[in-house]
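Thanks for coming. Please have a look at it before I start.

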Amino acid sequence: MKKMMSRFWHTLSITSGAIIGLGIASVAAAAEDVLPALEYDLTGARLLKVNSSQLFESTNGGDSWQAIPLPEAVRTGQLVVAPAAAEQTLYIAGPSIGVQRSDDNGDSWYRVDEGLPSRNVIAFSAHRHQVETLYAKIADDGIYQSDDAGESWRKKDSGPVQPVRRLVHSDMEGSMQTGWLYAVSDDAVRLSMDCFCGWRPTGELDADTVYDVAYEFDEPERVYVATDRGLWVSDNGGKAWLRIEGDAPELVAITLAPEGTLYGLDRVGELVRSNDQGRNWRAIPDA
Amino acid sequence: MRNRGVLVTTWLLLSTAGQAMADDAPLSHDASQPIEGEQIYQQHCASCHGIDGEGMPNWQRPNAMGELPAPPHGPEGHTWKHSDAMLYRMVSEGWRDPWNETERLTMPAFEDVLTPAEIRSVINYLKTLWTPEQQRHQAEESEGASFPMQSE
């Protein structure tokens, strides 16, 4: 197993299908580690994990993993996986690969990024509810949105000025449009309504590197953030963060399953689970 | 038009907006005249959004009351990101940021103050403050999300 990890991508995403992201990150970050990514797929009731440029699924909470074939173009670099609301449908995205879609759980993949100006996709998310709406952050360019499952794309915003490693769409209330987008950069989590009418900082995080963000499906105001200084939680969509005093290892990817079960990956892709909102964590041995 | 009688004087002092009119971009299918929209703007909106649409100082950060101040409407703001339908709804029904510490509508509702035609008219005036590119972007956003009650 290659231990190439990059700090760019992980996963999570939230449509009822699944998005996967391959992340290579921008030039500046290209030399850094590639991080694993984790995503819960509601439709398929499974965990999706990207590690060392391979994609896995687990339908038993991480006790065992099965490989899902990736497009041949995937070699190394950051990847993001995103479930789509249809069963068997997955997106995978990353700087080396652009955006590809599979309708047969990885047996075959096809490009859905012809309408993007570049394949340098450093962050990717599917809309929480709108099956055909996708968001892709192109390095040094901006955020593109597709409303037809990738057939055509339109630039919506230049995004936060800080490099974005992670985009997460949320259906939290209060947006002028249909929801919100979280953008995770090294220094902070930023938030915009999905009309892209302004990025706001979320609450202060005492951390040097922010890795990932995830929210509860049934209660989207409850949001978790993984940083190099531990886990933080918010009950108001990120307006203010509270540090979780717990025994979590340094997690670089997190995701939530229904009923609030939290899953996390450490740097080498080992899975841990918490059933008490991030305080106590249990390693789940790789079968 | 209602409310003409209450007209304040500020709008008379300046009318720089016409110069910003870009004739190469589609504004709206609406027939209302931007000049009328400008008058409505100066009378009802300028006190908060500024006589040139410049917004309040530090508009991107919550003020001492924990409320987001009125944003600018020009190229530096994000009014141009919204479709006609959305702009109409905000002006008509009002708006507050969900993270505001207060509950009041900081952006007041104008549905009992302005007629639908006046609301369209003032929004069409806001469009004259944008760059041609922003006007194009907003026109595309408005496809399938146009003003309600176009006929009125």
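**Salt bridges and the interface**

R154(A), K156(A), E140(B) and E141(B) are linked in a network of salt bridges. By salt bridge I mean a side-chain nitrogen of Lys or Arg within 4 Å of a carboxyl oxygen of Asp or Glu.

Some housekeeping. This is a predicted model, in which local features need pLDDT of at least 70 and side-chain atom pairs count only at pLDDT 80 or more, while totals for chains, interfaces and linings use all residues. Residues are numbered from 1 along each chain as its sequence is written, chains are lettered from A and ligands numbered from 1 in the order in which they are written, and side-chain values use heavy atoms, with hydrogens and water left out.

One pair in detail is R154(A) with E140(B), where the closest N and O atoms are 2.9 Å apart. Helices (H or I, at least four residues) and strands (E, at least two) are DSSP runs, numbered from the N terminus. R154(A) is partly exposed at 24% relative accessible area, and E140(B) is also partly exposed, at 37%. The cut-offs here are under 20% relative accessible area for buried, over 50% for exposed, and partly exposed in between (1.4 Å probe, protein chains only).

Next, D97(B) and R200(A): are they buried or exposed? Both are buried. Their side chains meet in a salt bridge at 2.6 Å, N to O. D97(B) is in the loop between α4 and α5 (116-127) of chain B, and R200(A) is in strand β17 (residues 200-201) of chain A, so this pair, too, joins two chains.

A further salt bridge runs from K239(A) to E101(B), with 3.3 Å between the closest N and O atoms. How many salt bridges are there between chain B and chain A? The count is 6. Over all chains, the rule gives 24.

Now the interface as a whole. Chain A contributes 22 residues to the contact and chain B 15, contact meaning heavy atoms within 4.5 Å. Together the two chains bury about 1500 Å², with 53% of that on carbon and sulfur atoms. Buried area is the accessible area (1.4 Å probe) that two parts lose on being put together, summed over both. On the chain B side, K81(B), W95(B) and W99(B) supply 44% of the area buried against chain A, more than any other three residues.

There are also 11 residue pairs in polar contact across the interface, both residues at pLDDT 80 or more. A polar contact is a pair of N or O atoms within 3.5 Å; within protein, one must be able to donate a hydrogen and the other to accept it, and residues adjacent in sequence count only if both atoms are side-chain atoms. On the side of chain B that touches chain A, the elements giving two or more residues are α4 (84-93) and α6 (132-141).

**Inside chain A**

Chain A has 0 helices and 25 strands. Of its 287 residues, 63% are buried. Among contacts with a separation of 6 or more, 51% are between residues 24 or more positions apart.

One salt bridge within this chain is D171(A) to R128(A), at 4.0 Å, N to O. D171(A) lies in the loop between β14 (166-170) and β15 (180-184), and R128(A) in the loop between β10 (121-126) and β11 (134-138), so the pair ties together parts that are 43 residues apart in sequence. R128(A) is buried, at 10% relative accessible area.

As an example strand, take β6 (residues 79-83) of chain A, where 5 of 5 residues are buried. L79(A), V81(A) and P83(A) lie on one side, V80(A) and A82(A) on the other, and both faces are covered. β6(A) pairs with β7 (residues 90-94) in the antiparallel sense over 4 bridges; two strands pair if DSSP finds at least two bridges between them. V80(A) has A93(A) as its bridge partner in β7(A). The two strands form a hairpin with 6 residues between them, and Q88(A) in the turn has a positive phi of about 70°.

**A loop in chain B**

Last, A109(B), which is in the loop between α4 and α5 of chain B. A109(B) is partly exposed, with 32% relative accessible area. Beyond its neighbours within four places in sequence, A109(B) is in contact with V91(B), S92(B), E93(B) and G94(B). A109(B) and V91(B) are 18 residues apart along the chain, and their C-alpha atoms are separated by 5.9 Å.
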